[in-house]
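Hello,

Here is the structure I said I would pass on. My notes on it follow below.

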Amino acid sequence: MSTGSGSWTHGSALVGEERDGRPGGVAAGDATTGGAPVERSEWTAAGGDLVAAVDFGGTKIAGALVDGSGQVYARCRRPTPARADAETIMASVAEVVAELTAAPQWSRVRAVGVGSAGPIDAVHGTVSPVNVPAWRGFPLAPRIAELAGGLPTVLTGDGVAMTAAEHRWGAARGEDDALCFVVSTGVGGGLVLGGRLLPGRTGNAGHLGHITVDFDGEPCVCGGTGCVEQLASGTSIARWARENGWRPAGEDASAAAVAQDARRGEPVALAAFDRAGRALAGAIAATATLVEIRVAVIGGGVAAAGEVLFEPVRRHLDDYATLSFARGVNVVPATLGGDAGLIGAAAAAAVELSL
Ligand SMILES: [Zn+2]
């Protein structure tokens with residue numbers, strides 16, 4: 001896995017050999033995946049240890065203590081001063097951590113899971129969230145580890161964190177080969193392969209929002225062209241609809257308003273979601289062809305559009321995933337809602353540390 005050789009370290013040396021000595025890892029043999037009963041770790045046992053989770057995003061910083069069943073304690077949050085200087089932003093993170101360490105359950109905390117908007121570098125514990133310009137290579141994980149008294153700390157990208165949560169407790173539970181998407185203002189994702197979370201070398205694997213599906217498409221913030229995110233994010237859906245003549249009935253001109261009109265059969269709104277669904281289908285088909293996933297989970301605010309989004313995804317997927325082994329991927333909505341990133345940061349840390 002990823003955090004093995006960094007200069008900051010939550011202790012990959014501490015966990016590395018033990019972890020590597022367990023074939024299949026925690027995710028494959030975990031009791032929550034519906035397989036045969038296995039030994040329960042302290043974290044998965046009721047009333048046992050907790051993992052502290054911090055989820056850093058462009059609009060909010062959320063914190064909680066999480067147990068092995070995904071139960072959340074001592075929930076707290078602060079707005080992200082996204083346009084402030086680096087230390088002002090860090091001060092808000094520190095307030096969240098201080099609230100967690102002051103919680104009565106803190107003595108049961110064994111590790112810290114940090115989820116962040118990407119890109120991230122899990123090797124060095126640094127983050128460079130696209131929408132937080134003052135943080136480029138900012139050492140978020142080591143700083144949080146210090147505030148948390150030196151507990152083992154694992155940094156995970158938000159897409160991978162959501163995937164960890166959906167795999168452990170949500171729509172991908174019990175699945176060995178799954179792709180999870182977060183479709184909101186941007187598009188993120190993560191992979192489970194062979195029953196294990198696949199964060200990749202730097203923690204960004206499965207980031208399907210930035211693979212090209214339209215070679216003649218628009219330039220993307222990432223520097224690429226025609227990325228999935230350029231067609232399927234909520235921002236892109238709303239913008240494309242407006243550019244093509246859709247007008248919101250009221251003040252709300254978001255993708256949710258486009259979805260509402262699509263449900264009523266408004267043709268431009270329908271076309272906007274068809275375009276988004278097609279982009280996601282292209283990414284799912286490519287993934288199914290590459291690594292034989294069996295399920296694709298779609299979460300995030302845009303997934304709340306329901307069939308308006310899922311119907312075109314499934315229809316286009318039939319056109320793009322054509323080889324026998326890639327056909328029949330089950331496309332399902334995420335089940336954990338807005339907490340997936342937060343509890344997923346804890347789940348990813350538990351996987352990494354074999355808790
Ligand atoms: Zn891109």
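Start with strand E1 (residues 50-56): 7 of its 7 residues are buried, so the rest of the structure largely encloses this strand. Buried means that 20 or more other C-beta atoms, placed from the backbone, lie within 10 Å of the residue's own. Strands (E, at least two residues) and helices (H or I, at least four) are DSSP runs, numbered from the N terminus.

This is a predicted model, in which local features need pLDDT of at least 70 and side-chain atom pairs count only at pLDDT 80 or more, while totals for chains, interfaces and linings use all residues. Residues are numbered from 1 along each chain as its sequence is written.

Leu50, Ala52, Val54 and Phe56 point one way from E1, and Val51, Ala53 and Asp55 point the other way.

E1 pairs with two strands, a pair needing at least two DSSP bridges. With strand E4 (residues 109-116) E1 runs parallel, joined by 7 bridges; there, Phe56 has Ser116 as its bridge partner. With strand E2 (residues 60-66) the pairing is antiparallel, over 6 bridges, and Asp55 stands opposite Ala62. E1 and E2 form a hairpin, with 3 residues between them.

Regards

Terms used
Buried ≥ 20, exposed ≤ 12 C-beta atoms within 10 Å, placed from the backbone.
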